Amino acid sequence: MLFARRRHFFKRVGLATLQASLLVFLLFFVLLPLIFRYSVTLQRGILFLTFIRYPKGLDLTNPASIGLYATRNFYITVKDHDQDEDGVSIGVWHVLPKNAVGHFKTELQVEAAFDIEQAAAEDQQQTSIETFDHDRDYSHELKKLSPALRSEFPVILPENEQLFYERLLRMPGGTVVLYLHGNTATRGSGHRSEVYKLLRNLNYHVFSFDYRGYADSDPVSPTEEGVVRDAFMVYEYIANITSNPIIIWGHSLGTGVATHLCAKLAHLKERGPRGVILESPFTNIRDEIRMHPFSRPFKHLPWFDFTISRPMYSNKLRFESDIHVHEFPQPIMIIHAEDDVVVPFKLGYELYRIALDTRQRSWGPVEFHRFESKHKYGHKYLCRAPELPSLVQHFVANYRDAVY
């Protein structure tokens, strides 16, 4: 009798467990992918992750709060079409190069911050930075024009800040880097500010901005066309002010924006950048989604493509760098860490091979630089590699004056 009761009990428990497991499976592996398939809002949210914001409390109007002294915060209005009356406002930073700050640290009121940073760099015995001819030319221009600029700008205030920064940007001999960040957070997130500081120390002007829907840019739902349009307008702002060479640097999702932007500039026959740096790039969103850690529970499901990959493609969330790399002629440098789990190293190397195989021979060359997993740079911290400044310097020096 007791044995029969136990058997009945375990049968009921087993049936209940089976039913619960089946319910979880249906909810998690069937219903959730189906919801994803039919919700463009969810697809955009998962791709762009605009709801993830850190660090909390960051005042983007005050870049000096994260050590970016001599940095101008401003806003550009992006109009998506001729009938767009209001447009989308996006937040932008312009970081001045070190040699310019050194000449005007008194007028910029950053003497203490500049001197402390220089002393720290010397104490840490940082990797020496080479001086190229274009650096000397820019320093010469700064020295020649300093008296006139000091007379015109005895102190930099909000009223004359734009004019001063644009005057330095226009000065011959400079180099500009337009940085396109990945998804999540803001232009002020920790690893991004490290990149700006690295580039500043190489004496480059640096521009970074937040796409629509991010940070203090207008809370408009981002799309691929929308974020590329944002990048295009910032690029156009720079190109309209200076004839100095522009280098585009994209990281992660920003590499998809970078290649799409360059393809668009080539298609429109607009002035293109002198070079493109792709940090931790992927081939296209379909490949990236399948290999992303978040997709591991789903990627072996028979309906994965039907419910997840294909819908994003149909809704024009593609970021097809594997196509765009053979639509513009500028030189490309790809850098990728072997231990990157967000965008696997395999995808960056595959993009490199595609570029080698599909680009015209008369176009700019394609470089690939591998960073071994033992260094633990992962997805975000290639900026800490001691050899990176030299790689960037030589890439810029080789192609800043070349036109393809």
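What follows is a set of questions and answers on this predicted model.

Q: How many helices and how many strands does the protein have?
A: Let's begin with the overall picture: the C-alpha trace spans about 105 × 50 × 50 Å along its principal axes. Of the 404 residues, 50% count as buried. The secondary structure of the protein comes to 14 helices and eight strands.

Q: Which residues does UniProt list for "domain: Serine aminopeptidase S33"?
A: This label comes from an unreviewed UniProt entry. The record gives the domain as residues 176-296.

Q: Which residue forms a salt bridge with Asp-216?
A: Start from where Asp-216 sits, which is the loop between β4 (205-209) and α8 (224-241). Its partner lies in the loop between β3 (176-180) and α7 (190-201), so the pair ties together parts that are 29 residues apart in sequence. The closest N and O atoms are 2.7 Å apart, and the partner is Arg-187.

Q: Is Arg-187 buried or exposed?
A: A handy contrast is Asp-216, which counts as partly exposed because its relative accessibility is 26%. For Arg-187 the relative accessible area is 0%. Buried means under 20%, so Arg-187 falls into that class. The word for Arg-187 is therefore buried.

Q: How far apart in the chain are Arg-370 and Glu-338?
A: The side chains of Arg-370 and Glu-338 meet in a salt bridge, at 3.1 Å from N to O. Arg-370 belongs to strand β8 (residues 366-371), while Glu-338 is in the loop between β7 (332-337) and α13 (345-358). The pair links distant parts of the chain, and the separation is 32 residues.

Q: Is Lys-374 buried or exposed?
A: Lys-374 forms a salt bridge with Glu-372, and the closest N and O atoms are 3.4 Å apart. Glu-372 is partly exposed, at 40% relative accessibility. Lys-374 has a relative accessible area of 60%, and since the cut-off is over 50%, Lys-374 is exposed.

Q: Which residues are linked with Arg-212 in a network of salt bridges?
A: The structure holds 13 salt bridges. Arg-212 takes part in a network of them, and the residues linked with Arg-212 there are Asp-80 and Asp-230.

Q: Which residue does a cis peptide bond join to Tyr-54?
A: The omega angle of this bond is about -10 degrees. The residue in question is found in the loop between α2 (40-48) and β1 (71-78). The cis bond joins Tyr-54 to Pro-55.

Q: What is the phi of Ser-252?
A: Ala-70 is in the loop between α2 and β1, whereas Ser-252 is in the loop between β5 (246-251) and α9 (253-267). Ala-70 is buried at 7% relative accessible area, and Ser-252 is buried with 7% as well. Ser-252 is not a glycine either, yet its phi is positive, at about 55 degrees.

Q: Which residues are the closest to the centre of the largest pocket?
A: The largest pocket holds about 790 Å³ of space. Elements that give two or more residues to its lining are α1 (2-38), α2, α7, α10 (285-291) and α11 (304-314). Of the 32 lining residues, the closest to the centre are Ile-46, Leu-49, Asn-183, His-292 and Phe-294.

Q: How many residues of the lining of the largest pocket are nonpolar?
A: The lining can be sorted by residue type. Three of its residues are charged and nine are polar. The nonpolar ones number 20.

Q: How many disulfides does a search of the whole structure find?
A: Cysteines are the place to look, and among them Cys-262 is buried at 2% relative accessibility. Cys-383 also counts as buried, at 11%. The number of disulfides found is zero.

Notes
Residues are numbered from 1 along each chain as its sequence is written. This is a predicted model: local features need pLDDT of at least 70, side-chain atom pairs count only at pLDDT 80 or more; totals for chains, interfaces and linings use all residues. Side-chain values use heavy atoms; hydrogens and water are left out. A salt bridge is a side-chain nitrogen of Lys or Arg within 4 Å of a carboxyl oxygen of Asp or Glu. Helices (H or I, at least four residues) and strands (E, at least two) are DSSP runs, numbered from the N terminus. Buried means under 20% relative accessible area, exposed over 50%, partly exposed in between (1.4 Å probe, protein chains only). On a 1 Å grid over the protein atoms alone, a cavity is a set of points where a 1.4 Å probe fits but cannot get out, and a pocket is an open set with protein on both sides within 12 Å along at least five of seven lines; lining residues have an atom within 4 Å of a point. Grid points are joined across faces, edges and corners, and a volume is the space filled by probe spheres set on the points. Ala, Val, Leu, Ile, Met, Phe, Trp, Tyr, Cys and Pro count as nonpolar, Asp, Glu, Lys and Arg as charged, and the others, Gly among them, as polar. UniProt positions are given in the numbering used here, feature names are shortened, and annotations may be inferred rather than shown by experiment. A disulfide is a pair of cysteine sulfur atoms within 2.5 Å.
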